[in-house]
Amino acid sequence: MTTRVQGATFRYSHTIGRGEEAGTGFKNPVSLARGEGDLMYVVSRAYDYRSDSKRITVCTVDEDYIGEIGNAGRLGGDMMDTGESDAPGSMVWPTSIALDRAGNVYVSDEWLNRIAMFTPDGDWLGAWGTEGDADGEVAQPSGIAFDSEDNIYVVDTGNNRVQKFTKDGQFLAKWGRQGTGEGEFDMPWGISIDTEGDIYISDWRNDRIQKFAPDGRFLMKFGGSGSEDGEFNRPADVAVDKEGLIYVADWRNDRLQVFDAEGRFITKIIGDATLSKWGITKLDANPDMKRQREIAQGLEREKFLRGPIGVVVDDEDRVFIVDSQRNRIQIYRKIPPFFVGLYDGGRL
């Protein structure tokens with residue numbers, strides 16, 4: 001499907017993923033980060049009864065599987081079952097992932113109240129974070145993002161605030177408190193930083209997006225509770241592209257909404273998923289499963305988003321939607337109007 005908006009066209013490219021406890025698939029993915037080249041790091045939160053499925057899958061945009069970073073804290077290594085939830089490399093309720101300028105991988109964990117750190121190859125570097133509400137302490141940390149100076153902003157969900165740290169965990173600043181006013185939050189979750197250094201927060205329970213200067217000064221807000229265009233029902237994440245368009249993963253409304261730099265609604269995406277390369281490979285290896293799909297009713301509904309929880313826009317104007325409840329990533333491309341006629345189908 002192609003969606004035309006002011007000065008751009010959004011065209012569906014392809015889907016990555018399938019429901020798997022390990023290997024070429026995801027289990028309840030919640031966040032992704034783009035690495036160098038075409039690398040992707042995707043965090044699977046999985047479920048409490050399958051701790052072995054909580055992992056970071058490393059793959060490419062073209063669906064080449066690289067390996068996993070898991071409880072053993074090594075790319076492609078075996079999971080380490082120590083029985084200790086706070087063991088090196090372990091994840092319990094991972095919420096967000098971000099990369100620093102060196103490509104090191106940072107993962108927030110709202111159960112362990114910490115930020116875990118890995119090398120790009122998955123070696124364990126350590127973790128920082130202390131549960132509490134004092135300066136530098138956290139409660140249920142969720143969204144994380146690095147600024148141009150390699151400092152990290154952490155959405156401190158349980159304390160209804162945003163905190164700024166050095167990448168090794170030294171406290172620098174904070175703002176926010178519980179409430180509905182400007183600069184106040186009710187269970188904030190996602191975060192994005194634009195090219196000017198301004199910070200966007202998905203204010204989950206207040207059903208809105210708030211924008212701040214790097215020092216925490218309130219700049220604007222938009223949204224409201226509902227299902228109409230421009231309204232939200234638990235916005236889970238936000239991203240901003242290099243031209244200032246704002247993308248919001250509208251979790252409970254099962255859609256991605258796109259806004260201009262002033263917060264005015266432009267368009268929405270509800271999903272166009274096709275089977276991923278990994279999914280096709282599995283069906284080809286399981287003839288019975290393939291035959292069952294051929295006679296199943298209602299498969300046309302598979303294309304729609306269900307519980308989109310994360311969104312990332314890369315430097316090539318590719319939009320990655322974390323389609324959590326369907327264990328996949330849907331990818332779109334924003335195409336400038338001059339180039340629209342040059343793309344006549346196929347993967348972008």
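Colleague: Which loop is G183 in?

Modeller: G183 is in the loop between β14 and β15 (188-193). Strands here are DSSP E runs of at least two residues, helices are H or I runs of at least four, and both are numbered from the N terminus. This is a predicted model, where local features need pLDDT of at least 70, side-chain atom pairs count only at pLDDT 80 or more, and totals for chains, interfaces and linings use all residues. Residues are numbered from 1 along each chain as its sequence is written, and side-chain values use heavy atoms, with hydrogens and water left out.

Colleague: Is G183 buried or exposed?

Modeller: G183 counts as buried, at 14% relative accessibility. Buried means under 20% relative accessible area, exposed means over 50%, and partly exposed is in between, with a 1.4 Å probe and protein chains only.

Colleague: And what does G183 touch?

Modeller: Not counting residues up to four places away in sequence, G183 touches G176, R177, Q210, F212 and F218, a contact being heavy atoms within 4.5 Å.

Colleague: Switching to backbone angles, what's the phi of E63?

Modeller: E63 has a positive phi of about 70 degrees, and it is not a glycine. Most residues other than glycine have a negative phi. E63 sits in the loop between β5 (55-60) and β6 (65-69), and it is buried, with a relative accessible area of 2%.

Colleague: What about D207, where is that one?

Modeller: D207 is in the loop between β16 (199-203) and β17 (208-212). Its phi is positive too, near 50 degrees, and D207 counts as buried at 3% relative accessibility.

Colleague: Okay, salt bridges. How many are there?

Modeller: The count comes to 28, taking a salt bridge as a side-chain nitrogen of Lys or Arg within 4 Å of a carboxyl oxygen of Asp or Glu. One of them joins the side chains of E68 and R55, at 3.3 Å from N to O. E68 lies in strand β6 and R55 in strand β5, so the pair ties together parts that are 13 residues apart in sequence.

Colleague: How buried is R55?

Modeller: R55 has a relative accessible area of 0%, so it is buried.

Colleague: Which residue does D288 pair with?

Modeller: D288 forms a salt bridge with R291, the closest N and O atoms being 2.2 Å apart. Both lie in helix α2 (residues 287-295), 3 residues apart, about one turn of the helix. D288 is partly exposed at 49%, and R291 is partly exposed at 48%.

Colleague: What about K27?

Modeller: The side chain of K27 meets that of E21 in a salt bridge, 3.7 Å from N to O. K27 counts as buried at 15% relative accessibility, while E21 is partly exposed at 24%. There is a network of salt bridges as well, linking R34, D38, D314, E316 and R318.

Colleague: Now the inside. How many residues are in the largest nonpolar core?

Modeller: It has 31 residues, and M40, I56 and I329 have the most contacts inside it. A nonpolar core is a set of buried Ala, Val, Leu, Ile, Met, Phe, Trp, Tyr and Cys residues joined through side-chain atoms within 4.5 Å. Strand β4 (residues 39-44) gives the largest share, 4 residues. Apart from that core lies another, of 16 residues, including Y12, L245, Y247 and Y332.

Colleague: What is I329 in contact with?

Modeller: Leaving aside neighbours within four places in sequence, I329 contacts H14, T15, I16, F26, L32, M40, V42, F320, I321 and V322.

Colleague: Last one: in what order do the strands of the open sheet run?

Modeller: The order is β11-β12-β13-β14, with antiparallel pairing, where two strands pair if DSSP finds at least two bridges between them. The edge strands, β11 (141-146) and β14 (171-175), each pair on one side only. Strand β12 (residues 152-156) is joined to β13 (residues 161-165) by 5 bridges, and I152 has F165 as its bridge partner in β13.

Colleague: And how many helices and strands in the protein?

Modeller: There are 2 helices and 25 strands. Of the 348 residues, 57% count as buried.
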